[in-house]
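Dear colleague,

I am passing on the structure below, together with some notes on what was found in it. Please read them alongside the model.

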Amino acid sequence: MLEEYVKVGDNDKIHKNIADAYYNINVLDKAIYHYERAIKQNSQFDEAYFNVAVILYRQESYFNAKMNIEKALRINKTEENYLELHSHIEERISMNDSRM
C-alpha cells in the first residue's frame, strides 16, 4: 500500500516518509527496509541511521543499534538525540556484558 508512493519518485525522502509511516503503525521490519533504502540512496542520511538504531534498540539488538547510531554520529557529531541514544545503547551493552 505505502509502497505505491515509490512510483511517484524513488528517492531517499520518499523512503524515509514511508518508513516513518510504517514505524508509526509498528510495522518495524518494513520501516527498517525503507530506512535502509533511503540510506542506500543517500549514505549521509544521518536521521535514517538514527531511526534504524532506535528500532533495533527497541528490539534489544544492541550491537546492531550501536553500529547504526555510530554511523549517524559520524555524519552529525553534535545531535543530542544521537548522543543520548548512543549512551543508552552503551549502558545496555555494558549491562549485558556484566551478566555474562
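Contact here means heavy atoms within 4.5 Å. Leaving aside neighbours within four places in sequence, Phe 50 is in contact with Ile 69, Ala 72, Asn 81, Tyr 82 and Leu 85. This is a predicted model, in which local features need pLDDT of at least 70 and side-chain atom pairs count only at pLDDT 80 or more, while totals for chains, interfaces and linings use all residues. Residues are numbered from 1 along each chain as its sequence is written, and side-chain values use heavy atoms, with hydrogens and water left out.

Helices are DSSP runs (H or I, at least four residues), numbered from the N terminus.

Helix α3 is mostly covered, since 10 of its 13 residues are buried, buried meaning under 20% relative accessible area with a 1.4 Å probe and protein chains only. Among what covers those buried residues are α1, α2, α4 and α5. After α3 comes Glu 60, whose phi is positive, near 65°.

Lys 16, in helix α1 (residues 12–24), is buried, with a relative accessible area of 14%. Beyond its neighbours within four places in sequence, Lys 16 is in contact with Tyr 35, Ala 38, Phe 45, Glu 47 and Asn 51.

With best wishes

Terms used: Helix = DSSP H or I, 4+ residues; strand = E, 2+ residues; numbered from the N terminus. Buried < 20%, exposed > 50% of the residue type's maximum accessible area, 1.4 Å probe, protein only.
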